[in-house]
Amino acid sequence: MNASAPIKPPRGIKPTKETSGLLISVIRALSASETNEQREIEKAKLEKEYKRSDQRLDELVSLHEQDLTEVMQIFSTLSERVTAAREKIHAVKENLNACKQLLSCKREELLNLWLEGIEHKHVLQLLEEASTSPEKYNLE
């Protein structure tokens, strides 16, 4: 960007309040005007100011066309990157939820297998006990 680039207004200054203040003053002026002639004069002033600011805006856009084009291209690139990043984050979240569900299923499966293992261990103990002392269980 070149040295004649527009200057950012200092922090704390909000141009929207200026604009809304101007709009309120225009509304007051139109409300206070008693005749259609006065309203037409106010309307003509507004149209003149609108045309002047539109012309000034056109001049500034022409003057900074290259900078504006560059900024718009950079913004477009950044916007695409942000969109791609959001899509990737969404995909990662979905994958994490799927993994969480699979882990939950595996956890239940492991719990069931662990309980089965305890049952088998207990049955094996009983069988070993029965085979070492058959008289205790009247197996003879």
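Biologist: Which side chain meets that of Arg56 in a salt bridge?
Modeller: The side chain of Glu59 does, with 3.7 Å from N to O. A salt bridge here is a side-chain nitrogen of Lys or Arg within 4 Å of a carboxyl oxygen of Asp or Glu. Side chains of opposite charge can pair when their charged atoms come close.

Biologist: What kind of model is this, and how are residues numbered?
Modeller: It is a predicted model, in which local features need pLDDT of at least 70 and side-chain atom pairs count only at pLDDT 80 or more, while totals for chains, interfaces and linings use all residues. Residues are numbered from 1 along each chain as its sequence is written, and side-chain values use heavy atoms, with hydrogens and water left out.

Biologist: Back to Arg56 and Glu59: in which helix do they lie?
Modeller: Both are in helix α2, three residues apart, which is about one turn of the helix. Helices are DSSP runs of H or I with at least four residues, strands are runs of E with at least two, and numbering starts from the N terminus.

Biologist: How many salt bridges does the structure hold?
Modeller: The structure holds three. One of them joins Glu49 to Arg52, whose closest N and O atoms are 2.9 Å apart. Another brings together the side chains of Lys45 and Glu42, at 3.7 Å from N to O.

Biologist: Why are Glu49 and Arg52 separated by about one helical turn?
Modeller: Because they are three residues apart in helix α2. Lys45 and Glu42 are likewise three residues apart in helix α2, about one turn of the helix.

Biologist: What is the accessibility of those residues?
Modeller: Lys45 is partly exposed, with a relative accessible area of 48%. Glu49 counts as partly exposed at 39%, whereas Arg52 counts as exposed at 51%.

Biologist: Let us step back. How many helices and strands are there?
Modeller: The protein has three helices and zero strands, and from the N terminus on its elements run α-α-α.

Biologist: What share of the residues counts as buried, and what area is exposed?
Modeller: Of the 140 residues, 4% count as buried. The protein exposes about 13,400 Å², of which carbon and sulfur atoms supply 60%. Accessible areas come from the Shrake-Rupley method with a 1.4 Å probe, and for residues only the protein chains shown count as cover.

Biologist: Where does UniProt place the coiled-coil region?
Modeller: An unreviewed UniProt entry places the feature "coiled-coil region" at residues 27-63. UniProt positions are given in the numbering used here, feature names are shortened, and annotations may be inferred rather than shown by experiment. In the model, the chain over residues 27-63 is 92% helix and 0% strand, with its end C-alpha atoms 34 Å apart.

Biologist: Which residues form the nonpolar patch on the surface?
Modeller: They are Leu57, Val61, Leu68 and Met72, with about 370 Å² of accessible area together. The elements that give two or more residues to the patch are α2 (36-63) and α3 (65-132). Patches are made of residues with over 30% relative accessible area and no salt bridge; like charges are joined within 9 Å, and nonpolar side chains (Val, Leu, Ile, Met, Phe, Trp, Tyr) within 5 Å. Val61, placed in helix α2, is partly exposed at 38%.

Biologist: And the cysteines: how many disulfides are there?
Modeller: The count comes to zero, a disulfide being a pair of cysteine sulfur atoms within 2.5 Å. Cys99 counts as partly exposed at 43% relative accessibility, and Cys105 counts as partly exposed at 48%.

How values were computed. Buried means under 20% relative accessible area, exposed over 50%, partly exposed in between (1.4 Å probe, protein chains only).
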